[in-house]
Amino acid sequence: MSERSLFLDRGIGETRGVVLLDGRPERLLIERDGDDQATRLGARHIARVRKVEPAFASAFVDLGGVEALFSFKPDARPVEGQSLEVEIRTEPRLGKLATVRVIGPAQGAPRPLAAPPSMAEQLMNFARGVDIIEGREARQVADEAEAEALDIIHPLPGGGNIAIEPTRALVAIDVDIGERKGNDVKRVTRAANLAALAAAGRLLRLKSLGGIVVIDLVGRGHDGNALLTAARSAFSPDNPGVAIGPVGRFGTMEMTIPRRAPPVAETLCDATGALSNLTLALRLIRAIDNEGAAQPGARLTAVCAPAVAEAAKPLAMKLAARIGARFTIRPEPASARERFDVSAS
């Protein structure tokens, strides 16, 4: 039976929540100071229908200066100007609006009705009755979850690996076991495919990826029923909304997974795919905070790239309120952008 554990890291400028599934990161929730709470999952609003698109069975709604989208059934077409009570169903992501579900009719101008669940509340929904672990252990778990969420290639238990790469159209997953020969090839490929499906379910939730997913299985002559059963089990936590197709003639399995939050990489990275200055600044501040806790009386010096130092300025003021003004952040033009050094004196 699978076991889940919960971790909450309350950092400077950022709160991170992690769900572990049998000791491995399954979900990573990130909330940064200044994030728009209006479009967080679960927030409720009175919205006004701004525009109806009958050809797409969709309508745009105004949440009060923020736009969102919802789909309607032919017999429930809304009227432009109508007020509705809605709840955020999926958060906005790059190039896409948030989507809402309609709760019912409402009165009045667009306005918020209920804030989204807190990070702790979200975590508890994934594993009811499980205590949330905070502090140093939570920070380490969150750091490890971030690193795994950004990886492309992931090892499989028993050998082999899967590569997960999102594209504009879909998420491609490739299963690889390398060169295998001998009488046990069929057994090895079957085991690798079953392990890959279990790993894919966990990793897509960790990376917050969804939409159309295509898994390129290894080998030939697949046991379609066994793989379909394994896929349903692996992706059951993503329901409702999961649809899984049979193994195709070319050895691929296709499915659709609901998108509910932006991809983790979209939060952590900039438009080029590199870690953003803010992400690096948050890591720098955590490193200073950790060193300050380890050496309470020491003065600390952090050396980093100028762009990271600039992004860290507002965070440094908050950190000073926590550990005191006993650290200096020194920009160094020769420093590699993704590297920094924290030393004590």
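Residues are numbered from 1 along each chain as its sequence is written, and side-chain values rest on heavy atoms, with hydrogens and water left out. In this predicted model, local features need pLDDT of at least 70 and side-chain atom pairs count only at pLDDT 80 or more, while totals for chains, interfaces and linings use all residues.

**View 1. The salt bridge between E14 and R286.** A salt bridge is a side-chain nitrogen of Lys or Arg within 4 Å of a carboxyl oxygen of Asp or Glu; the N to O distance here is 2.8 Å. Because E14 belongs to strand β2 (residues 14-21) and R286 to helix α6 (residues 277-294), the pair ties together parts that are 272 residues apart in sequence. Helices (H or I, at least four residues) and strands (E, at least two) are DSSP runs, numbered from the N terminus.

**View 2. The salt bridge between R16 and E146.** The N to O distance is 3.2 Å. R16 lies in strand β2 and E146 in helix α2 (residues 136-150), so this contact ties together parts 130 residues apart in sequence. Both residues are buried, where buried means under 20% relative accessible area, exposed over 50%, and partly exposed in between (1.4 Å probe, protein chains only).

**View 3. The salt bridge between E146 and R283.** The closest N and O atoms are 2.9 Å apart. With E146 in helix α2 and R283 in helix α6, the pair ties together parts that are 137 residues apart in sequence. E146 is buried at 1% relative accessibility, whereas R283 is partly exposed at 24%.

**View 4. A network of salt bridges.** Shared partners join D9, E14, R16, R32, R139, D143, E146, R283, R286, D289 and R322 into one network. A search of the whole structure finds 30 salt bridges.
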